[in-house]
Amino acid sequence: MNPPALRLQWTRALEPRDAADYDAFVAQASTGHYAQGRRWAKVACAGRLFVPAFVLARDETFRVVGTALVLRACWRRLPLPYAVVERGPVVSDPSLFRPFVAALTRAARRRGIARLALMPYWEKPAAQMLEQALGALGWVDVQTAAGPHVRTLRLATAGKTDAQLFAGGHYVHLRQKIRAAQQAGVQSRRGSAADLPAFAALYNTLMRRQGRPPKSDAWLRAVATLDFSPQGDIGLFLAERDGRPLTAALVVRHGRLCTYAWGASDDTPMKIAKMVPPLVAAIHWARDVGCDFDLGGIPMDGDSDPKRLSIAQFKRDFAQAPVQLLRQHARWLW
């Protein structure tokens, strides 16, 4: 059977009708991810040497069958021959994945892109079939332990009562940590865009202690443009004692999933798990908006990094069964 003819549109700005179609497809596709949303483009590029482009693929009936937010490297407005599709492209029908990636590759080559990386947000076992398709098209597995996560943990929260969320023997230690934080006078609350400076102060101090780059002011301004309302696409949760922020969690909502994206903690020594209160508040929010909760990744099998392993152990208080995702692939186009 001949592959379907796809009509590809690659543009820096979509017309209103195309933009609405793009948004609807990414929101409804089971393989959609917030990193592929149009609203996320500003955040993805803020403080980084990238410019965004949107790709929309339609079949012969004008139906949208694939999308991609392509981030192209640039230097002083000069486009460079490298691009990445973070957590994409988005294709809902596995049979259309190979023709769409082939068309995307040709379009990228025509635009002077020499190397392209992608990481479709597919879970196994379907991810195994897609990895085989990528290999047949010349893509190479470039996944590293320090790269974007390929394993995560999820907590089913939709439809549960407060009593059901952390019920059962698995959550004994988590319930103890929740009570210990309450007894220590730590309270959590939902924040707004106005609380982003407090989050940045915690996060950037943490990054400097670890010798890693902080978030830029441009990134904070971009995040502040997102919808922080209770039904919005992002949630900021802070844990405080005596009005002073101790920890914070930034969570992004997409489709039926709320994903823990960034966390931060101060260096105050306390005999409690300080990140538990904001995460518990975030999980309640996910439940209230009808979503499940993704804990934002755990290390690959065989990863020996002590920091990543420690974070993973903390996350396992909330969920146990890992979800395996498709690994990052790249290829030279010239």
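This is a predicted model: local features need pLDDT of at least 70, side-chain atom pairs count only at pLDDT 80 or more; totals for chains, interfaces and linings use all residues.
Which residues form one aromatic cluster? They are Tyr 34, Trp 40, Trp 219 and Trp 262. The charged end of Lys 215 sits over the ring of Trp 219, 4.6 Å from the ring centre.

Now widen the view to the aromatic rings in general. A search of the whole structure turns up nine aromatic pairs. A pair of aromatic rings is described by two quantities, the distance of the centres and the angle of the planes.

Take Phe 166 and Phe 318. Their ring centres are 6.4 Å apart and their planes stand at 75°; planes over 60 degrees apart count as edge-to-face, so this pair is edge-to-face. Where do the two residues sit in the chain? Phe 166 is in the loop between helix H5 (162-165) and helix H6 (172-183). Phe 318 is in the loop between helix H10 (306-315) and strand E13 (322-324). The pair therefore ties together parts that are 152 residues apart in sequence. Both residues fall under the 20% cut-off for burial: Phe 166 is buried because its relative accessible area is 8%, and Phe 318 is buried because its value is 0%.

A second pair joins Phe 237 and Trp 285. Here the geometry is tilted, with 5.7 Å from centre to centre and 45° between the planes. Phe 237 belongs to strand E9 (residues 234-241) and Trp 285 to helix H9 (residues 276-288). The two are 48 residues apart, and the pair links distant parts of the chain. Both Phe 237 and Trp 285 are buried.

H3 is mostly covered, with ten of its 14 residues buried. Among them are Phe 97, Pro 99, Phe 100, Val 101 and Leu 104. Thr 105 is also buried, as are Ala 102, Ala 103, Ala 107 and Ala 108. What covers these buried residues? The cover includes strands E1 (7-11), E2 (50-58) and E3 (64-75). It also includes strand E5 (115-118), helix H4 (126-136) and strand E14 (329-332). Just after H3, Gly 112 takes a positive phi of about 80°.

Conventions: Residues are numbered from 1 along each chain as its sequence is written. Side-chain values use heavy atoms; hydrogens and water are left out. Buried means under 20% relative accessible area, exposed over 50%, partly exposed in between (1.4 Å probe, protein chains only). Helices (H or I, at least four residues) and strands (E, at least two) are DSSP runs, numbered from the N terminus. Contact means heavy atoms within 4.5 Å. Rings of Phe, Tyr and Trp (its six-membered ring) pair if their centres lie within 6.5 Å; planes under 30 degrees apart count as stacked, over 60 as edge-to-face and the rest as tilted. A charge sits over a ring if NZ of Lys or CZ of Arg is within 6 Å of the ring centre and within 35 degrees of the ring normal.
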